Amino acid sequence: MDKIKKNKMWLTVVGFGIVIVIILSLILLNQNKAKPESETTSFQSSVKASSSSQKNQDEENKKRYAKEAAKMKGHVLCTGIDDLYYTTWSKNDFRNWANNYNSLSKEQKTNASSNFGTSNTRSNNSMDTETLDVRARNILNDDFKSLGYFETVKDFNKAYPRIDPSNLQ
């Protein structure tokens with residue numbers, strides 16, 4: 001009798017073990033099916049659609065900005081992505097300023113400042129005259145591109161087609 005009880009208990013333990021292994025195997029199979037790899041094609045197509053939509057929007061914006069820029073008049077001074085200004089100065093005004101600036105003494109240069117025909121003033125300080133020195137050097141070398149000067153809003157738009165010209169100050 002003891003032997004039969006031991007065999008029944010052994011069979012019960014083995015039976016439960018087999019059932020647990022089967023359940024765990026089924027859970028593992030379900031997890032494998034739910035992995036992101038199985039959804040990759042859907043995810044990739046979603047990313048492609050979003051990317052395509054963004055490209056279309058960018059292209060539409062570029063066209064709209066180009067039309068706006070063609071209608072706008074004035075010179076542009078771009079000293080940074082957030083520093084976009086209309087300037088009343090022409091290239092000759094910049095050249096005259098550079099010549100006058102270079103004729104200043106070292107002491108006068110430390111107190112020099114200019115707004116370059118915009119609403120923003122650039123200034124040197126007692127420790128550093130590099131701010132205006134570099135601009136004067138670029139102007140006298142006819143390097144208006146590094147200065148960020150554009151003869152027309154249309155020229156500015158060609159260089160920066162993704163920037164809305166209505167953001168000019």
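Analyst: What follows covers the salt bridges, with the chain as background. This is a predicted model, in which local features need pLDDT of at least 70, side-chain atom pairs count only at pLDDT 80 or more, and totals for chains, interfaces and linings use all residues. Residues are numbered from 1 along each chain as its sequence is written, and side-chain values use heavy atoms, with hydrogens and water left out.

The chain has seven helices and five strands. These are DSSP runs: helices (H or I) of at least four residues, strands (E) of at least two, numbered from the N terminus.

Side chains of opposite charge can pair when their charged atoms come close. A salt bridge here is a side-chain nitrogen of Lys or Arg within 4 Å of a carboxyl oxygen of Asp or Glu. The count is two.

One joins Arg-95 and Asp-142, with the closest N and O atoms 2.9 Å apart. Arg-95 lies in helix H3, and Asp-142 is in the loop between helix H5 (130-140) and helix H6 (144-147), so the bridge ties together parts 47 residues apart in sequence. Arg-95 is partly exposed, at 27% relative accessible area. Partly exposed falls between buried (under 20%) and exposed (over 50%), using a 1.4 Å probe and protein chains only.

Lys-91 pairs with Glu-151; their closest N and O atoms are 4.0 Å apart. This pair links distant parts of the chain, 60 residues apart: Lys-91 is in helix H3 (residues 91-102), Glu-151 in the loop between strand S5 (149-150) and helix H7 (153-159). Lys-91 is partly exposed at 28%. Glu-151 is partly exposed at 33%.
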